[in-house]
Structures are given as structure tokens and as C-alpha cells.
Amino acid sequence: MQKDTYYVTTPLYYTNGTPHIGHAYSTIAADVLARFHRVTGNGRAHFLTGTDEHGQRIADVAAAAQKTPKEFCDEIVGRWKEQWRELDIAYDQFIRTTDPDHEAAVQRIFAMLRERGDIGPGKYEGWYCRNDETFWPASKLIDGKCPNPECGRPVEWVSEDAWFFKMSRYRDRLLDHFRSKPHWVRPQSAWNEMMAILESGLEDLCVSRTSVEWGIPLPQGGGTIYVWFDAICNYITAAGYPHDMVRVARLWPADVHLIGKEILRFHTIIWPAILMALDLPLPELVFANGWITTQGRKMSKSVGNITRPGELIDVFSVDSVRYALLSQAPFGSDFTLSEEGLVRRHNADLANDLGNLVQRSLSMLARYRQGAVPGRPQRSGLAAGFETLPASVKSALDVLDFRGCLATIWESVGVLNRYVEETKPWVLDKSGDAAALDAALYEVCEGIRWIAALIYPFMPTTAGAIWQALGQEGVPGQMWEESLRWGVLLPQTITNVPAPLFPRIEAAAAAG
Ligand code: ME8
């Protein structure tokens, strides 16, 4: 069996809290890629997300809530799934690191690496931050405290017998990989940063914890497996490793791991070293999205400056939020999600440009042709411009340029709006030029059908509403190549005028 499925993953989110808009950002991006690959790749895409449930910090919040860690996670995980449903996130698999299959697979991986001599005993002594589950060298501490700007908590001196993953063995191979595949970590700044770490040397990694009880037990007893080792292996355990190698072969290597830039080292140094030790190929691409910031700081639970997706959806709608998140900044750059920006995008790009186009075009079709699509004109003035679009959309999404992709689609929304303005169907109706009116109405409806297909990965509800209004069946853009040919819209198809897609929002209403 060969790899035949596009495989995209998000980080596994910690269950010590519930989703905020930063988590939604990475997950919506993954959803767009999965939906795009499902329609263009005959349904063959696998979108994995899930939750990271072990480790001391989860045990601590559970204890504070007077629950066992498992009870606590069981409750919280429902909130994550509900949030993803609300945001129209269509994942194929949701993994929890407390799933028995995952736990058994991680133990097996640990044992395999021990058998191969890649994991061996040692002694760990060093400064440990319980909140970040990270050991810090003394040189990195700031005033003796955790150097993570979001944390800054006191660190503890820990001294214990431990197991080490001999990561240093893989430094040369990692360096070769970075050099021979200069695009495998994106954006460029992320590749540079990780390359600099590798060049400065690589220490072995402590992969066991004697003091942490809430984790996967070490196969040989005497403590638990380091939570990051446990969690990072999810990308292969979810694919069936090591018990279902047929499924693994269809999925692995992942096409893209989407992550935030704070976890780059885990994904581009530690994780590939583990894969090398297991003789597995490395993911094709690790892409670090930028941070959503508020007042210049990364939005995060520990800083306490978070926006919940629900607060935005209630005002703007799911698709408007999805659009705003992906159209505002290049995917690897930080940005602030301002209310003013959300209102502007919603009203200008969505309500005015797209919403009005659909509304007025289908209203004219209803008024002048009882909603029935007219015959195709002999020559199309729009076809040539549209026919290059699928390739442009594909090449933008191949490099995760969501913003560029949306800008390209919106140029064509602009083309259609200008086409309506220039052909003036209302004048053609008055002057009785039936052939010209038929041609104009056909062209604009066909253009709108294309737009629905192209926006589907980003805005599935809106695309579906337009698709239905145009009398189309199934998923917009499915059978991509057949669907995206100019003239596929059948004459005589009965259409209807949908409810306004994006009612305008006044800034005062958004301020709520
Ligand atoms: O790090 N802007 O989980 P986590 C953009 N469990 N993206 C953001 C963001 C922000 N302000 N805040 C969070 C963990 N994210 C580990 C991962 S993977 C095997 C284990 C997104 O709950 C971004 O993708 O802290 C980031 O990497 C992730 O949420 C961190 O989620």
C-alpha cells in the first residue's frame, strides 16, 4: 500500500482550558486545507486534531477543580469538540492522548527505541518549570525564573534517575535534512531559527518523569513518559503506528503539521529525530502560523487576554470569522484581530462585494427569467479570466498562502460586479435585447457558481447556500476538474434568491 491520502494535522491542544480564537486559527487553517484536498483529491484527505491531556499542569487544574485528571479531561474535551462543530471544522479524526490505543502505541514506541539503544538510562538534574513542563538550562533563566515570557513562574531544582532519548545522534542527519530541504519548515524565519539551534549543538532529551504521576506509565515502570514525547507521537499513533502499518503507509508522512511558532523546536528537531530513530520518513512540511496578539502580546490563557470564538461568531457569523482570520495577515505573521477590522472586512468584502453580487444577480434572474438559467451564450467574455483561477487557488494553497488565495478569488468577485455594472441587465430588459440579457445573466450566474466552488474550503456554509440557490447538488466544487469548466451550469436550471448571506453590521452592534 502506498501513500494516497493528504494528511494534515493541528497541535493537540491542552485540556487545562477551553478554546480561544488562537486555537481556532490553526484549526480553521487545517480545515481549509482538508476541505480543499477532499474536493480536489477525490475525497482522500485526513484531518487530525485532538487534545493533549497528560502532564502535571493538567493534574494541577484537575486537582483544583476537585476532579481526577481523567474526569476533568472528559468534561473539557466535549467543549473542544463542540467548539469545532460550531466553527464548521470537519476533522476526520480526533485523538486524545488518554485514548488506550495511543497509550499502548506510545509505550511500544518507547520500548522499541530502548531496544535499539536510542533511549537509555541517565540522571537528570536541572531547573524545571512545572507549568511549561520544560527543563531550562541555568543560563536561560531570567532572575532565576522560567524564561518563557508567558510564564515567568519560579522553577524547581529536580534531580532524578531518568531515561534519555539520544537525540544528539541525529544532529548531523537533521542538519542534512534542513540543508537539503530548505522549505520543509515555513515560514523562512522559523527555518532560520531552528537551523541556528541545530548548528549550536544538540543535547539528549530527558523523556521520563519520576515525579509526574499523570502520564503514560514507563513500560518498565518507575515513572511516566514525558508528556511531550507522548503527545508528539500522536501524529503516527493516530495513523495506526505501529499496529496497522497498512494504514500508516496510506497516510504517512504527513503532508503538513500546522503549529504555532512556540512549539517549533518540538516539531522540527525533537520529532524528526524520533522519526529518524524509528526509520520513518519525516513530514513534508511544518508550518508555524503567526500569533494572534492583543495589545502586542500573544493571546494566551496564561496572559489572560483571550477572545472566545463564540463572542465573534454571535456578531459576525462563522464564515465571516473564518474569512477574517485567514484574509488578514500572511499565514506566518502575527496580527491583531481588531473589531474595527472585522467589521470592515465583513461589510466591504462579504456584505458588499460577495453578498450583494449574489443577491442582485439572482434577483434579476428571478425578475427577468422566472429564476430559470438562460441558454449559454456562444462566446463567453468571462471564461478566459476564470479558467486560470483553479490553478492560482491551488498554487496559493500549496504554499499555505490563504490570504493570497482569498485575494485572488475576490479579484474575480470584483470582475463579476463590474460585469453586472457594465452589461446593465436592467437596461437590456427595458430595451428588449433578450439575447444580450440572456448572455449577461448566464455569465454572471456561472461566475457565481465558480466563486461558490472556490470559497467552499474557507466558507462552507456560504458556499453551500449559494450552491443551493443555483440549483446545484452535493458539495460545492466536488469533482473539482469537471465542475470548474466554464459552461457547466445547465440552462433551464431553476434558481432561487437566498436570504441575505451577510447582513451588514454596524460598529456599535459589534461593540455589543
Ligand atoms: O502547545 N495565535 O498546546 P496549546 C495563534 N499541547 N495560534 C495560537 C495562539 C495564538 N495566540 N494561541 C494558541 C500545546 N495557538 C501542546 C501541543 S502538539 C503534539 C502539543 C495555537 O493548547 C497554535 O497552533 O498550548 C499553538 O501552537 C497551539 O494553539 C498551542 O496549543
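Reply: The largest cavity is lined by His54, Gly55, Tyr128, Glu133, Arg209, Val212, Trp214, Gly215, Thr224, Ile225, Tyr226 and Val227. The model is a predicted one, and every value here is computed from it. By class, 6 residues of this lining are nonpolar, 4 are polar and 2 are charged. The space inside the largest cavity comes to about 40 Å³. A search of the whole structure returns 1 cavity of 30 Å³ or more. As background, rolling a probe the size of a water molecule over the atoms shows where empty space is left.

Open space is a separate matter. The second largest pocket has a volume of about 270 Å³. Its lining consists of 16 residues, and those nearest the centre of the pocket are Thr307, Leu312, Leu337, Glu339 and Leu342. In terms of class, the lining of the second largest pocket splits into 8 nonpolar, 6 polar and 2 charged residues. Three elements each supply at least two residues of this lining: strand S13 (292-294), helix H11 (309-316) and helix H13 (339-369). Helix H11 gives the most, with 4 residues.

The second largest pocket also brings in the domain arrangement. The protein is divided into domain 1 (6-313) and domain 2 (338-509), and the lining of the second largest pocket takes at least three residues from each of domain 1 and domain 2. The C-alpha centres of the two domains are 41 Å apart. On the domain 1 side 13 residues take part in the contact, and on the domain 2 side 18 residues do. The size of an interface is often given as the accessible area lost when the parts come together. For domain 1 and domain 2 the buried area is about 1300 Å², with carbon and sulfur atoms giving 79% of that area.

Salt bridges do occur in the structure, which holds 24. One of them joins the side chains of glutamate 53 and arginine 96, with an N to O distance of 2.7 Å. Glutamate 53 sits in the loop between strand S2 (45-52) and helix H2 (56-64), while arginine 96 belongs to strand S3 (residues 93-96), so this pair ties together parts that are 43 residues apart in sequence.

Some backbone details remain for anyone checking the geometry. The peptide bond joining arginine 186 and proline 187 is cis, with omega about -5 degrees. Proline 187 is located in the loop between strand S7 (185-186) and helix H6 (188-199). A cis peptide bond also runs from tyrosine 241 to proline 242, where omega is near -5 degrees. Proline 242 has its place in the loop between helix H8 (234-237) and helix H9 (245-251). Aspartate 143, a residue other than glycine, has a positive phi, near 50 degrees. The loop that holds aspartate 143 lies between strand S5 (134-136) and strand S6 (156-165).

Terms used. Residues are numbered from 1 along each chain as its sequence is written. This is a predicted model: local features need pLDDT of at least 70, side-chain atom pairs count only at pLDDT 80 or more; totals for chains, interfaces and linings use all residues. Side-chain values use heavy atoms; hydrogens and water are left out. On a 1 Å grid over the protein atoms alone, a cavity is a set of points where a 1.4 Å probe fits but cannot get out, and a pocket is an open set with protein on both sides within 12 Å along at least five of seven lines; lining residues have an atom within 4 Å of a point. Grid points are joined across faces, edges and corners, and a volume is the space filled by probe spheres set on the points. Ala, Val, Leu, Ile, Met, Phe, Trp, Tyr, Cys and Pro count as nonpolar, Asp, Glu, Lys and Arg as charged, and the others, Gly among them, as polar. Domain bounds come from an automatic or database domain assignment. Contact means heavy atoms within 4.5 Å. Buried area is the accessible area (1.4 Å probe) that two parts lose on being put together, summed over both. A salt bridge is a side-chain nitrogen of Lys or Arg within 4 Å of a carboxyl oxygen of Asp or Glu.
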